[in-house]
Amino acid sequence: MAYRTRNAAAAASLTATRPTAFTGRKWVRWTQRMKAEFLDHLAATCNVKASAEAIGVGVISVYALRRRDAEFAREWQIALESGYQLLETLVLGHVLSGAAREDGIATPHDSARLDMDTALRLLTAHRNASGKPSAEGGAPRRRADMADTDAAILKKLKAIEKRRATA
């Protein structure tokens, strides 16, 4: 949005005092189609920047939407999970085909070939990411209190003493 002023001196003072970090900001009106295209591209590439560029928005806008919209954030996580499964499949197919490590991994989308080292780093970072839901399921883990741990240690010590006495 440009400021309309009556003289050049007033215009210069307005632009001189405005923070430069916000001069290029573009507000995005998100549609369901834009969200779907972004999530589809994210699932295919696992690359937020490339997915944002594919729909013509900035990365900041995408992250802002994720912070505001809980449903979009959930779908984002699902798309990333799907993308990492695709990446695992591509790496496995590359290895099983007998291709050399230096050949690179062919991707189904129109990007450059992915080198094996980058793919393995991505998969390792994804597996070790904190805050991921556990694939094990079941009841949540509980920590034992001090009385439980003391009882378990004393039980082990008694078993050790009993073995020593019989030996």
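## Glu81 and helix 5

Glu81 counts as partly exposed because its relative accessibility is 26%; on this scale buried means under 20% relative accessible area, exposed over 50%, and partly exposed in between, with a 1.4 Å probe and protein chains only. Glu81 is found in helix 5, residues 70–96. Its C-alpha atom is separated by 7.6 Å from that of Ala43, although Glu81 and Ala43 are 38 residues apart along the chain.

## About the model

This is a predicted model, in which local features need pLDDT of at least 70 and side-chain atom pairs count only at pLDDT 80 or more, while totals for chains, interfaces and linings use all residues. Residues are numbered from 1 along each chain as its sequence is written, and side-chain values use heavy atoms, with hydrogens and water left out.

## Overall build

The protein has 7 helices and 0 strands, giving the pattern α-α-α-α-α-α-α along the sequence. Helices (H or I, at least four residues) and strands (E, at least two) are DSSP runs, numbered from the N terminus.

Of the 167 residues in the protein, 20% are buried. The accessible surface comes to about 13,200 Å², and carbon and sulfur atoms hold 56% of that; accessible areas come from the Shrake-Rupley method with a 1.4 Å probe, and for residues only the protein chains shown count as cover. Among contacts with a separation of 6 or more, 45% are between residues 24 or more positions apart, where contact means heavy atoms within 4.5 Å.

Lys35 is found in helix 2, residues 32–45. Beyond its neighbours within four places in sequence, Lys35 is in contact with Trp30, Leu65, Asp69 and Phe72.

Cys46 lies in the loop between helix 2 and helix 3 (48–55). Its phi is near 60°, a positive value in a residue other than glycine. With a relative accessible area of 17%, Cys46 is buried too.

## A positive patch

Which residues form a positive surface patch? Lys155, Lys156, Arg163 and Arg164 do. Patch residues have over 30% relative accessible area and no salt bridge, and like charges are joined within 9 Å; a salt bridge is a side-chain nitrogen of Lys or Arg within 4 Å of a carboxyl oxygen of Asp or Glu. The place of a charge is taken as NZ of Lys or CZ of Arg, and Lys and Arg count as positive.

Arg164 is found in helix 7, residues 146–166. At 67% relative accessibility, this arginine, Arg164, counts as exposed.

Notes
Patch = residues over 30% accessible without salt bridge, like charges linked within 9 Å, V, L, I, M, F, W, Y side chains within 5 Å.
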